[in-house]
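Got a structure open and wondering where the labels come from? Let's go through a few of them, one by one.

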Amino acid sequence: MPIRNARRFRVEQTEAETALWKRLRNGQLDGVKFRCQHPVGPYTVDFVAIAERLIIELDGGQHAVQQARDERRTDYLSQQGYRVIRFWNNEVLDNPDGIMLRIRAFLEAGKSG
């Protein structure tokens, strides 16, 4: 089921997911290999850099009302050894360069600790 969901989510990406994927794919960010809509346990994450153990999640308006569910999801992913960074969809669309700088900083912080 997670693989089927991942495939469906790849086809049904949001505008923000599509915009960020264009900047992450093919190692464009410092050669880091990201996967899009990838299953991790029972969840399908928006973007993951497996070697760096980093997950990027994009949140739309529905996430404001499902914070407890998102916290459980983040807790599970953290227990699997991943660091999770979240951005609002409008942040990705309004300030893509700033988002890339924040992701790069998160990747750098992971190298030192």
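Q: Why is Asp 59 called buried?
A: Its relative accessibility is 6%, and buried means under 20% relative accessible area, with exposed over 50% and partly exposed in between (1.4 Å probe, protein chains only). So 6% puts Asp 59 among the buried residues. Bear in mind that this is a predicted model, where local features need pLDDT of at least 70, side-chain atom pairs count only at pLDDT 80 or more, and totals for chains, interfaces and linings use all residues. Residues are numbered from 1 along each chain as its sequence is written, and side-chain values use heavy atoms, leaving out hydrogens and water.

Q: What makes Arg 86 and Asp 59 a salt bridge?
A: Their closest N and O atoms are 2.7 Å apart.

Q: Why is Arg 86 called partly exposed?
A: Arg 86 has 25% relative accessibility, so it counts as partly exposed.

Q: How do you know that Trp 21 and Phe 47 are stacked?
A: Their rings are 5.9 Å centre to centre, with 20 degrees between the planes. Rings of Phe, Tyr and Trp (its six-membered ring) pair if their centres lie within 6.5 Å; planes under 30 degrees apart count as stacked, over 60 as edge-to-face and the rest as tilted. So the pair counts as stacked.

Technical notes: Salt bridge = Lys/Arg side-chain N within 4 Å of Asp/Glu carboxyl O.
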